[in-house]
Amino acid sequence: MFKIYPKLIKKDKEDLLKLLHDQNINFEENIDTTFGQYEGDKLVASASIYKNIIKCVAIDDSYKGGAVFNSLMTSILNEIHEKNFDKAFVYTKPVYENSFSSIGFEKIEEVGTDLIFMERAHHGFKTYLYNLEKEKVPGDNIGAVVLNANPFTLGHRHLIEYGKAHSDHLHIFVVSEDESYFNTEDRFNMVKLGTSDLANISLHRTDNYLISSATFPSYFLDEDKSVTKIQASLDAKIFKHHIAKVLNIKKRFVGEEKTDQTTNIYNQTMKEIFEKEPNRIELIEIPRKKTSDETISASKVRAFLRDGKLEKIKGFVPETTYNYIKNMS
């Protein structure tokens with residue numbers, strides 16, 4: 001088992017594409033490292049990683065079985081360890097659950113026959129939930145919001161104020177993945193500063209358990225499946241069955257979306273899953289906050305910043321966010 005370079009070497013990519021095609025798997029450009037095993041000139045097994053996420057695992061039908069798979073995963077897991085990650089994740093089809101369970105992976109959640117999300121860690125999802133439960137607040141009217149906050153805007157503040165006014169306590173989750181214009185720590189700090197005057201709120205990181213579209217892999221999904229809907233289903237199930245359950249969350253607040261089809265699909269999918277018993281959660285959509293003539297959005301703030309127009313963001317962000325970004329310059 002050795003590294004191959006499909007993004008750099010033409011033959012490596014051709015060999016990988018053929019193996020993936022034969023196994024009905026799509027190639028993903030968003031990879032860091034790929035391992036492969038050849039028999040003669042034929043690539044018979046391969047797997048890739050992006051950070052600590054395992055992707056594009058493919059084994060020729062003639063070589064399926066424990067030995068090749070175990071050798072492939074040993075190389076992949078060693079690579080993840082050498083990159084100083086203490087967890088490894090895989091998104092794959094549920095039919096492969098036993099294969100990954102046999103090498104120490106545990107199921108976090110699944111979406112029908114389309115997807116299973118698993119992790120291998122000493123202190124993983126169970127530890128995350130255990131620590132989260134320590135911040136549980138008594139009551140039957142507990143709410144939540146989930147933010148990327150890239151950066152934290154007056155729109156986010158409006159959503160939080162609404163959620164707080166309609167809950168006894170509001171849990172605020174900031175997506176932890178470093179796939180945004182602002183890094184994880186900066187986004188978390190902007191939310192913390194922008195809500196420091198509010199009572200009856202708790203601020204949380206999502207770690208690796210609520211997933212951004214930038215890292216959600218779709219290589220194994222059928223082409224006629226909606227990637228957005230499946231990702232939304234996974235996020236909704238993780239939130240409802242695990243996170244909301246330990247914190248007794250009964251409401252989740254989101255901004256309504258009339259123009260962005262992706263966000264609209266996400267919200268509708270969450271609503272479908274949240275409304276089912278048991279552990280029903282009410283999804284509450286509220287109108288987006290506007291300035292005098294336009295809707296506030298983080299994307300507009302980022303556009304101003306890319307153009308070097310720092311002063312333009314003042315009508316879109318709290319003073320705390322403006323000062324934080326100014327001090328970063």
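Let me start with a pair in the side chains: R157 forms a salt bridge with E161, and their closest N and O atoms are 2.7 Å apart. By salt bridge I mean a side-chain nitrogen of Lys or Arg within 4 Å of a carboxyl oxygen of Asp or Glu. Before going on, a word on the source: this is a predicted model, where local features need pLDDT of at least 70 and side-chain atom pairs count only at pLDDT 80 or more, while totals for chains, interfaces and linings use all residues. Residues are numbered from 1 along each chain as its sequence is written, and side-chain values use heavy atoms, with hydrogens and water left out.

Back to R157. Both R157 and E161 sit in helix 5 (residues 154–165), four residues apart, about one turn of the helix. Helices here are DSSP runs of H or I with at least four residues, strands are runs of E with at least two, and both are numbered from the N terminus. An α-helix has 3.6 residues a turn, so residues three or four places apart point the same way.

How accessible are the two partners? R157 counts as buried, at 14% relative accessibility, and E161 counts as partly exposed at 37%. The cut-offs are under 20% relative accessible area for buried, over 50% for exposed, and partly exposed in between, with a 1.4 Å probe and protein chains only.

R157 also meets D197 in a salt bridge, at 2.9 Å from N to O. This pair links distant parts of the chain: R157 is in helix 5, while D197 is in the loop between helix 6 (184–194) and strand 10, 40 residues apart. D197 counts as exposed, at 54% relative accessibility.

There is another pair in helix 1 (residues 10–22): D22 and K18 are four residues apart there, separated by about one helical turn. Their side chains meet in a salt bridge at 3.0 Å, N to O. D22 is partly exposed at 40%, and K18 is exposed at 53%. K3, E79 and K83 are linked in a network of salt bridges. By this rule the count comes to 17 salt bridges.

E79 brings us to helix 2. Its buried residues are V68, F69, L72, M73, S75, I76, L77, E79 and I80. Helix 2 runs over residues 66–82, and its 17 residues should span 24 Å at 1.5 Å a residue; the end C-alpha atoms are 24 Å apart, which agrees. The expected span is 1.5 Å times one less than the number of residues. Just after helix 2, N84 takes a positive phi of about 70°.

Is S46 buried or exposed? S46 is buried, with a relative accessible area of 0%. Leaving aside residues up to four places away in sequence, S46 touches I4, L16, L19, T34, F35, G36, C56, V57, A58 and L72, where contact means heavy atoms within 4.5 Å. The side chain of S46 reaches the backbone oxygen of F35 at 2.9 Å.

Now the wider layout. The chain is divided into domain 1 (2–123) and domain 2 (126–328), with bounds from an automatic or database domain assignment. Their centres, taken over C-alpha atoms, are separated by 31 Å. The contact takes 28 residues from domain 1 and 26 residues from domain 2.

How much area do domain 1 and domain 2 bury between them? They bury about 2,300 Å², with 53% of it on carbon and sulfur atoms. Buried area is the accessible area (1.4 Å probe) that two parts lose on being put together, summed over both. Y91, E109 and D114 supply 25% of the area that domain 1 buries against domain 2, more than any other three residues.

Across the interface of domain 1 and domain 2, the rule finds two salt bridges. Elsewhere in my notes is K126, which forms a salt bridge with E106, the closest N and O atoms being 3.7 Å apart. On the side of domain 1 that touches domain 2, strand 4, strand 5 (87–92), strand 6 (106–111) and strand 7 (115–121) each supply at least two residues.

Key. Polar contact = N/O pair within 3.5 Å; in protein donor to acceptor, adjacent residues only side chain to side chain.
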